[in-house]
Amino acid sequence: MSARPAGLRRPLVVVALALVTLGALGGACAQPEDGPVDGSADGASDVDPPSDPVHDPLSRPVTPTLSPADFHSATRCGACHVQHYAEWSRSSHAYAVVDPVFRKLVAIRQADFEGAQDQFCMQCHTAIGTRGGEVVPNFRFEDLSPIVQEGITCEACHRVSGLARVYNAGHVLDPSGPIRGPIEDPAESGFHASEGSPLFRDSAFCGACHDVLEVDGLPLERPYAEWLASPAYADGRTCQDCHMPTYFGQAAPLAPERDLHSHAWVGVDVPLEPSFATPDVVAAIREEVAALLDGAAGLTVTGPAEVRAGGQLDLLVTVTNRVDGHSLPTGSTFLRQLWLEVVASDASGRIVYETGGLDANGDLRNYWSELDPFGDPDLVSFGSNFVNDRGEPELFSWRAALHTSTAIPPGYARTVTLFVPVPGDATGPITIAARVRFRSVPPFLLRKLDLGRFVPDVSVFDLASAALTIPVASAPR
Ligand code: HEC
Ligand code: HEC
Ligand code: HEC
Ligand code: HEC
Ligand code: HEC
């Protein structure tokens, strides 16, 4: 049964946006080197080209379109670009193939499709490996060559010569061309030819990987589409402006001093795989994530001037998206958890009401809680959920029929009312403490993926907090 009513139409919208953006970029767009992506390959092939020539979500090269051997390891680049290398090597982009959560999900999908869709998940996490022919059906991560293990390595970006589409690995990779980047007047490097390209300052450059559609068109991640409709877009602030802040320095020894861009790409994720980064580096990343998240949400709580013991306290809680570049949360919203915690206590310290608390496993008490499912009927969370064709919650995108989101769009707020029962013997005043909390991956999912050992390493971050004190009028005699 095909139950994907909403999903089928939306890709058309994305394609339309892609064309508008490509038009704006003008000469920066070249033909894709994966000929079949646009159906224009002239090379003979005995494999059927993708049925939809525009929307080929597998980014499936009919034959390898490049050789991984033509790319240089990031360590080569690091010999001159010391700072860029140091930042990249601890970034999510360097982690893209190492990531144990990614590997486990890929393995589950591999089993579901018997390897037939293995290129799908790999096309952005390693475009070089996917187009280089290493991601064959039922491939094993251990067999990938070192440059492929580097994930989104320097040359996965700096050998990009244009965009074929602004989603699903839409980059045109040209390993024989110059190194391209944002500098219009690069100094001689002695190692590579350089060419300035305005594409590197454009959000579409990021959007070509950061907008993700499932094989059947179900939209999964949309930060680029969200950005196109955001206040940041309206006043010309790009992904790079927020996620690659500038500093003044030399890009390489003997190069002129100029504005450079951080390659740490701070987001919400802290690496779990211990071999990826030392404990000190992990602690530093955790602090950077906390700083990015701090203030990303606004929170106000209002209530009555006074409440009666034995009565009911109506709280009005408003959560605002203060990130004006995309929704809160964005990206892999189906993995993330962003929720409201509200605790009301009386003067004796007794908790009279709570929502957004965790069970003994550390999970929210919703559908997925093993210890207290549906134990928190007031739970307010912002994010997204997959639903299968029987209407039940589903964890994996490829088994889902729908993707529903409660993420807050940029510039918007959500208000909810919570009804707090005040016990007859409550001693006043009632203190309300509220927080907007976030974590990148919930414990139940790590356990399901057989990664339960990482549960203690995932931190909960607070984006905002608010407090309120409400006097209790003595109960009428
Ligand atoms: C021998 C030293 C050296 C090595 C090795 C090296 N580069 Fe460079 N690179 C330079 C110099 C010098 C510049 C010019 C910097 C400037 O003008 O500020 C440069 C410029 C760049 C630019 C900016 C180009 C532009 O026009 O915006 C990028 C991107 C870049 N290099 C990436 C790389 C990558 C990727 C590698 C590894 C494949 C690499 N470099 C290896 C020395 C080197
Ligand atoms: C105005 C600043 C700003 C702009 C512009 C911006 N971001 Fe963000 N981004 C943030 C902040 C703050 C966060 C952390 C809060 C959140 O998750 O929304 C974030 C989070 C993210 C995350 C992690 C989300 C998650 O929960 O997994 C990704 C991925 C991301 N941004 C990508 C992008 C891309 C791609 C663009 C451009 C299309 C972009 N951002 C534009 C500020 C910005
Ligand atoms: C995810 C894509 C991506 C990866 C991976 C990447 N870069 Fe960049 N790089 C960029 C973008 C985008 C800019 C320009 C940012 C801007 O101008 O707003 C840039 C700018 C540069 C510049 C020009 C100076 C500057 O800071 O603006 C150099 C040099 C450079 N990168 C080197 C490297 C090296 C070396 C690596 C690997 C260690 C690397 N990059 C990995 C996207 C990437
Ligand atoms: C070649 C594909 C590709 C390109 C190009 C790319 N990204 Fe990413 N990006 C990824 C992938 C894949 C991840 C997640 C890797 C992982 O952790 O498994 C990621 C992670 C991130 C994160 C961290 C998100 C988190 O949850 O912590 C940020 C921030 C980010 N990218 C910003 C950018 C920006 C800004 C640009 C444009 C300059 C960009 N990316 C270009 C594929 C890409
Ligand atoms: C179109 C490009 C693209 C495709 C295809 C893609 N991803 Fe990603 N993936 C990304 C980007 C970009 C991010 C960063 C978004 C964020 O952190 O919010 C990411 C982040 C992730 C993360 C989060 C990293 C973490 O540990 O927090 C996981 C896990 C992941 N992807 C798994 C998958 C799986 C499984 C598939 C196949 C079903 C897949 N990806 C297909 C681009 C892609």
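Helices here are DSSP runs of H or I with at least four residues, strands are DSSP runs of E with at least two, and both are numbered from the N terminus. By that rule the chain has 15 helices and 21 strands. The model is predicted: local features need pLDDT of at least 70, side-chain atom pairs count only at pLDDT 80 or more, and totals for chains, interfaces and linings use all residues. Residues are numbered from 1 along each chain as its sequence is written, while chains are lettered from A and ligands numbered from 1 in the order in which they are written.

Of the 477 residues of the chain, 40% count as buried; a residue is buried if 20 or more other C-beta atoms lie within 10 Å of its own, exposed if 12 or fewer, and partly exposed in between, with C-beta atoms placed from the backbone. Two residues are in contact if their C-beta atoms, placed from the backbone, lie within 7 Å. Among contacts with a separation of 6 or more, 65% are between residues 24 or more positions apart.

The interior comes next. In soluble globular proteins, nonpolar side chains tend to be buried together. A nonpolar core is taken as a set of buried Ala, Val, Leu, Ile, Met, Phe, Trp, Tyr and Cys residues joined through C-beta atoms within 7 Å. The largest such core has 47 residues, and those with the most contacts inside it are Ala127, Ile128, Leu163, Val166, Ala208 and Tyr224. Helix α10 gives the most to this core, with five residues. Domain 1 (7-265) and domain 2 (290-473) both give residues to this core, so it lies between them; the domain bounds come from an automatic or database domain assignment. Another core, of 33 residues, lies apart from it and includes Ala407, Ile430, Ala434 and Phe461.

Helix α10 spans residues 203-210, and eight of its eight residues are buried. They are Ser203, Ala204, Phe205, Cys206, Gly207, Ala208, Cys209 and His210.

A residue is near a molecule if its C-beta atom, placed from the backbone, lies within 6 Å of it. The shell residues are sorted into classes: Ala, Val, Leu, Ile, Met, Phe, Trp, Tyr, Cys and Pro count as nonpolar, Asp, Glu, Lys and Arg as charged, and the others, Gly among them, as polar.

Around ligand 1 there are 27 residues, of which Cys77, Cys80, Gly181, Ile183 and Ser189 come nearest. At least two residues of this shell are supplied by each of α2 (74-78), α9 (154-158), β3 (179-181) and β4 (194-196). By class, the shell around ligand 1 has 14 nonpolar, nine polar and four charged residues.

Ligand 2 is surrounded by 28 residues, and the closest are Trp227, Cys239, Cys242, Gly325 and Gly331. The elements that give two or more residues to its shell are α10, α11 (223-228), α13 (239-243) and α14 (279-293). The shell around ligand 2 draws at least three residues from each of domain 1 and domain 2. Its residues divide into 14 nonpolar, 10 polar and four charged.

Ligand 3 has 25 residues around it, and Cys154, Cys157, Pro182, Gln240 and Leu260 come nearest. Two or more residues of this shell come from each of α2, α3 (82-88), α9 and β8 (257-261). The largest share, four residues, comes from α9. The shell around ligand 3 divides into 15 nonpolar, nine polar and one charged.

Among the strands, an open sheet of three has the order β16-β15-β17, with antiparallel pairing. β16 (393-394) and β17 (402-405) stand at the edges, each with a single partner strand, so one side of each is left without a neighbour in the sheet. Two strands pair if DSSP finds at least two bridges between them; β15 (residues 384-387) and β16 pair over two bridges. The bridge partner of Val387 in β16 is Pro393.

Some backbone details remain. The peptide bond from Leu328 to Pro329 is cis, with omega near -10°, and Pro329 is found in the loop between β11 (312-321) and β12 (337-345). The bond from Gly428 to Pro429 is also cis, with omega near -5°; Pro429 lies in the loop between β18 (413-421) and β19 (430-439).

Asn138, in the loop between α7 (127-131) and α8 (146-149), has a positive phi of about 60° although it is not a glycine. Asn138 counts as exposed because it has 11 C-beta neighbours inside 10 Å.
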